[in-house]
Amino acid sequence: MPTLFTLRVNGAARSVRALPDTPLLYVLRNDLKLSGAKFGCGQAQCGACSVLIAGIEQRSCVYPVSAASKGRITTIEGLGTAQHPSALQRAFIDEQACQCGYCSNGMIMAAQALLAHNPKPSEAEVKQALEGHLCRCGAHNRIVRAVLRASKEALS
């Protein structure tokens, strides 16, 4: 039986009715119309569905909405806008780190979690944080440069 959940998404309380084990990804995309998190593999293997819950990267394709109701959820829509992108989003644009763009949202969310906990990561730490994210276009080097650029610009 569907249950009413109140989720804190991008700073706003949002109520949804869903089965407790419904993947958060489906609620975000279908009920809340937030399309930033993508369905990639459905098995938490590719990272396209990554969001932050209480500042920690989670794969929303396997994260139940019932568990998500206990923390602050941040999707890529909560980081910035097209008119005012976050520093990390701006770095991705400047480094041309988005080729097809399918993995970008998950990569940015993983990088956001990293930078929140380690504002000045090494290249090796960036690579480790993004290790579980698949990019079929081969934009990894530009993505790493973008994360390092955002880190340096945040410290300026």
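**The sheet and its neighbours**

Author: Happy to. This is a predicted model, and its five strands form an open sheet with mixed pairing, in the order β2-β1-β5-β3-β4.

Reader: Which are the edge strands of this sheet?

Author: An edge strand pairs on one side only. Neighbouring strands are turned by 40° against each other on average, direction ignored.

Reader: Which residue in β5 does V9 stand opposite?

Author: Strand β1 covers residues 3-9 and β5 covers residues 72-74. The two strands run parallel and are joined by two bridges. Opposite V9 stands I73.

Reader: At about what angle does helix α4 run to β3?

Author: Helix α4 spans residues 104-117 and lies across β3, β4 and β5. Its direction relative to β3, which covers residues 50-53, is about 30°.

Reader: Which residues in α1 are buried?

Author: Helix α1 runs over residues 24-31. What covers its buried residues includes β1, β2, β3, α2 and β5. After the helix comes K33, with a positive phi near 60°. The buried residues of α1 are L24, L25, V27 and L28.

Reader: Is M1 buried or exposed?

Author: M1 is found in the segment before β1. Leaving aside residues up to four places away in sequence, M1 touches L19 and P20. Its relative accessible area is 83%, and because the cut-off for this class is over 50%, M1 is exposed.

Reader: How far apart in space are M1 and R17?

Author: In sequence, M1 and R17 are 16 residues apart. Taken from C-alpha to C-alpha, their separation in space is 9.6 Å.

**Two loop residues with positive phi**

Reader: What is the phi of A44, and where does A44 sit?

Author: Most residues other than glycine have a negative phi. A44 has a positive one. A44 is partly exposed at 24% relative accessibility and sits in the loop between α1 and β3. Its phi is near 65°.

Reader: What class of exposure does Q96 fall into?

Author: Q96 also has a positive phi, near 50°. Its place is the loop between α3 and α4. At 60% relative accessibility, Q96 is over the 50% cut-off and therefore counts as exposed.

**Salt bridges**

Reader: How many salt bridges are there?

Author: Side chains of opposite charge can pair when their charged atoms come close. One of the pairs here is E57 with R59, at 3.3 Å from N to O. In that pair E57 is partly exposed, at 22% relative accessibility, while R59 is buried, at 17%. The count of salt bridges comes to seven.

Reader: Which helix holds R145, the partner of E95?

Author: R145 and E95 form a salt bridge, with the closest N and O atoms 3.3 Å apart. The pair links distant parts of the chain, 50 residues apart. E95 lies in the loop between α3 and α4, whereas R145 is in helix α6.

Reader: Which residues are linked in a network of salt bridges?

Author: E95 is buried, with a relative accessible area of 18%. The side chain of E95 also meets that of R149 in a salt bridge of 2.9 Å, N to O. R149 is partly exposed, at 27%. The linked residues are R90, D94, E95, R145, R149 and E153.

Note on methods: Residues numbered from 1 in each chain as written. Predicted model: local features only at pLDDT ≥ 70, side-chain atom pairs only at ≥ 80, totals over all residues. Heavy atoms only, no water. Pairing = 2+ DSSP bridges. Helix = DSSP H or I, 4+ residues; strand = E, 2+ residues; numbered from the N terminus. Axes fitted to C-alpha atoms, helices over the stretch in contact; angles between N-to-C directions. Contact = heavy atoms within 4.5 Å. Buried < 20%, exposed > 50% of the residue type's maximum accessible area, 1.4 Å probe, protein only. Salt bridge = Lys/Arg side-chain N within 4 Å of Asp/Glu carboxyl O.
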